[in-house]
Amino acid sequence: MKIIGTGRAHPSQVVTNAMLEQFLDTSDEWIKTRTGMSERRVISSEKLEDLASEAAAKAIEDAGLTAADIDYIICSNVVNEYITPGLSCIIQGAIGAKCACVDVNAACSGFIYALDMADDRIKSGKAKNILVVAAEEPTRMVDWKDRSLCVLFGDGAGAVVVTEGEGLICSRLTTVSKTDCLHYVRRLEPTPYITKEEHSAPMYMNGKEVFKTAVLSSSRDIKTLLSEAGLQPSDIKYYVLHQANMRIIEAIANWLKLDMSHFPTNVERCGNTSSASTALLLDELSREGKLQKGDKILLSAFGAGFTTGACIIEWTK
Ligand code: UT7
């Protein structure tokens, strides 16, 4: 497959570190030095489905197609107002497409899992033009009284349209079942047959453990893909990494012995937007004219599961 269009949509509400200082025992200095974040966009009056549909429509327009040309939709999403139907079904209705739709939940790695699934479906001849959307509202999963978590996240939606082509050089997906360090549990409806106490709890994350696992697993994925593609670190124009923490991105840049010009970021403006982060960044780079035909881009993400996804793409647009 190859990417032929990109789009994104952000919530209108900007929440700066100074705004968080007003109701949390935190400081702009702590948040900036520990995470690199200055502000984030947070869902308020809009719905995630509206942002997802806006990003999708922009990607389809950028690809020079119409919704009628899309023959499969994959949406990477962890939570939204609906448990069912999937967000992809809602997007389909909003943009006026008629194709089959499916959601994938691989946490923050979901966009890369979805790209990989799209590639398989195109290779099998079952679809030609696929819309891949990553839409996330992690700010609805955290306790806003918990300073260790709520300052970290932002919401948003990024999208791409992919079609037949030679744009995906290689990819790597891994999962190690490890639910203790990062999870979010929802209460289910009671039944006469359930005797255990049901509970719902905001997101839990052991930040230090996730930080270490993230740096190690992302570095390992990058090394494996570079070697598989026969490329040197400096052959990659941009490393589009999951935007969870500027220090994670800097640690990977140091390990690769590359300067930060290879590592575009939006974490300082958007916070951690889960699987949307890499999709948002790709659209930013494309719309700012920073991607030229033939550029090699490496995407790498990690998230709850513990999942990791990485791929090298050649920009063909
Ligand atoms: O996308 C999903 C994957 N998630 C990630 O990749 C996140 C990975 N982890 C991280 O990015 C970092 O571990 C965090 C940013 C979450 C935390 O940074 P840290 O350097 O590991 O800090 P810490 O959790 O060890 O906390 C250090 C101190 C603690 O105080 P004491 O115990 O040393 O007195 C915390 O209570 O900082 C305190 N603290 C805060 N202080 C001010 C925690 N949150 C805050 C806060 N403001 N918002």
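Q: In which helix does Ala94 lie?

A: Helices are DSSP runs of H or I with at least four residues, numbered from the N terminus. Ala94 lies in helix H4, residues 87-95. The model is a predicted one, in which local features need pLDDT of at least 70, side-chain atom pairs count only at pLDDT 80 or more, and totals for chains, interfaces and linings use all residues. Residues are numbered from 1 along each chain as its sequence is written, and side-chain values use heavy atoms, with hydrogens and water left out.

Q: Is Ala94 buried or exposed?

A: Buried means under 20% relative accessible area, exposed over 50%, and partly exposed in between, with a 1.4 Å probe and protein chains only. Ala94 counts as exposed because its relative accessibility is 54%.

Q: How far apart are Ala94 and Ala56 in sequence and in space?

A: They are separated by 38 residues in sequence and by 9.6 Å in space, C-alpha to C-alpha.

Q: Which polar side-chain atoms lie by an oxygen atom of the ligand?

A: A polar contact is a pair of N or O atoms within 3.5 Å. For Arg34, a side-chain N or O atom is 2.8 Å from a ligand oxygen atom; for His242 the distance is 2.9 Å, and for a polar side-chain atom of Trp30 it is 3.1 Å.

Q: How do the residues of the shell around the ligand divide?

A: The shell holds 11 nonpolar, 7 polar and 5 charged residues. Here Ala, Val, Leu, Ile, Met, Phe, Trp, Tyr, Cys and Pro count as nonpolar, Asp, Glu, Lys and Arg as charged, and the others, Gly among them, as polar. Helix H7 gives the most to this shell, with 4 residues.

How values were computed
Polar contact = N/O pair within 3.5 Å; in protein donor to acceptor, adjacent residues only side chain to side chain. Helix = DSSP H or I, 4+ residues; strand = E, 2+ residues; numbered from the N terminus.
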